[in-house]
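Let's take a walk through this structure together, one piece at a time. Keep the picture beside you as you read.

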Amino acid sequence: MAIYKFRITFEDFDDVVREIDIKSNQTFEDLHKAIHRSTGYNAEKSSSFYVSTDNWLKGDEIAYLPSERKKDRVVLMENSKLSGFIEDPHQKFYYIYNFDRPYDFHVELVKIILDADPNIEYPFLAKSSGEAPKIMEQNSPQAVDPRGAAAAASEFDFLNEMNFVPEDTDELEAMGEMGINAEEREEDEESEEDEFGDEFSDSDNFEDDSHKDDY
């Protein structure tokens, strides 16, 4: 029984890498669930593998929990053995996890091992490096750790997700000057105009009084 070694990476997080060994006669559902045992994410989410070109262009779709509109035009992961879609020794699959809050992955076959190890239960996590990013749950302000622990919902968490550092405060203030508080700035300008108007009014009255004294 041949063993496929797949290298899985997040499209936007290059430092997070998983390598999974899996039997050639196992299914895409087995691979899908193995990936999320390694990330800690909930595997019971609508997701899809796509047979991919070397440039990660998506082809045929292999789906898990597809939507009603897609059911008739995709094949299902649970019915699809990996061996049926391997056409290249470095076959690639583009993988989207959780269409509600999607993460995109690159899945590449990096090695074919001819004989399974009888002491290993497959799928097998052969390598894991980097921590999977947190998931923002839909309709919730809380950042949810993929292992299930809720992080404190705070402004700091939001800024941290945006790679915020204290030095960025100058940038945020500059953004405010560029229009974030436009209404407040307009009110200030109107207030200044009123003040100048009052000054000129007082000055006019003063001049009138001085002329009266001359006469």
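Strands themselves are DSSP runs of E with at least two residues, while helices are runs of H or I with at least four, and both are numbered from the N terminus. What you're looking at is a predicted model, where local features need pLDDT of at least 70 and side-chain atom pairs count only at pLDDT 80 or more, while totals for chains, interfaces and linings use all residues. Residues are numbered from 1 along each chain as its sequence is written, and side-chain values use heavy atoms, with hydrogens and water left out.

Start with the overall layout. The chain has ten strands and four helices, and reading along the sequence gives you β-β-α-β-β-β-β-β-β-β-β-α-α-α. Eight of the strands come together in an open sheet with mixed pairing, in the order β5-β4-β3-β6-β7-β1-β2-β8. At the edges sit β5 and β8 (124-129), each pairing on one side only. As a general point, strands of a sheet pair through backbone hydrogen bonds, either parallel or antiparallel.

Now follow part of that sheet, strand by strand. Next, β3 and β4 pair antiparallel over five bridges. These two make a hairpin with five residues between them, and W56 in the turn has a positive phi of about 65°. Y50 is a handy landmark here: its bridge partner in β4 is E61, and it stands opposite Y94 in β6. Moving on, β6 and β7 are antiparallel too, with six bridges, and I96 is partnered with D104 in β7. They form another hairpin with five residues between them, where N98 in the turn has a positive phi of about 60°.

How much of β6 is buried? Six of its six residues are, where buried means under 20% relative accessible area, exposed means over 50% and partly exposed lies in between (1.4 Å probe, protein chains only). Both faces are covered, with K92, Y94 and I96 buried on one side and F93, Y95 and Y97 on the other. Across the chain, buried residues make up 33% of the 215 residues.

That brings us to the inside. In soluble globular proteins, nonpolar side chains tend to be buried together. A nonpolar core here is a set of buried Ala, Val, Leu, Ile, Met, Phe, Trp, Tyr and Cys residues joined through side-chain atoms within 4.5 Å. The largest one has 29 residues, and F6, F28, L31, F49, F93, Y95 and V107 have the most contacts inside it. Elements giving two or more residues to this core include β1 (3-10), α1 (28-39) and β7 (103-113). Take F28: leaving aside neighbours within four places in sequence, its contacts (heavy atoms within 4.5 Å) include F49, I62, M77 and F93.

Rings of Phe, Tyr and Trp (its six-membered ring) pair if their centres lie within 6.5 Å; planes under 30 degrees apart count as stacked, over 60 as edge-to-face and the rest as tilted. By this rule there are 15 aromatic pairs. One of them, F10 with Y41, is edge-to-face, at 6.4 Å centre to centre and 80° between the planes. This pair links distant parts of the chain, with F10 in strand β1 and Y41 in the loop between α1 and β3, 31 residues apart. F10 is buried because its relative accessibility is 3%, and Y41 is buried at 5%. The rings of F28 and F49 have centres 5.2 Å apart and planes at 55°, so that pair is tilted.

Finally, find K70, in the loop between β4 (58-64) and β5 (75-76). Is this lysine buried or exposed? K70 counts as buried because its relative accessibility is 9%. Not counting residues up to four places away in sequence, K70 touches S48, Y50, E61 and F99. A charge sits over a ring if NZ of Lys or CZ of Arg is within 6 Å of the ring centre and within 35 degrees of the ring normal. K70 lies over the face of F99, at 4.4 Å from the ring centre, and K58 lies over the face of Y50, at 5.0 Å.

Notes. Two strands pair if DSSP finds at least two bridges between them.
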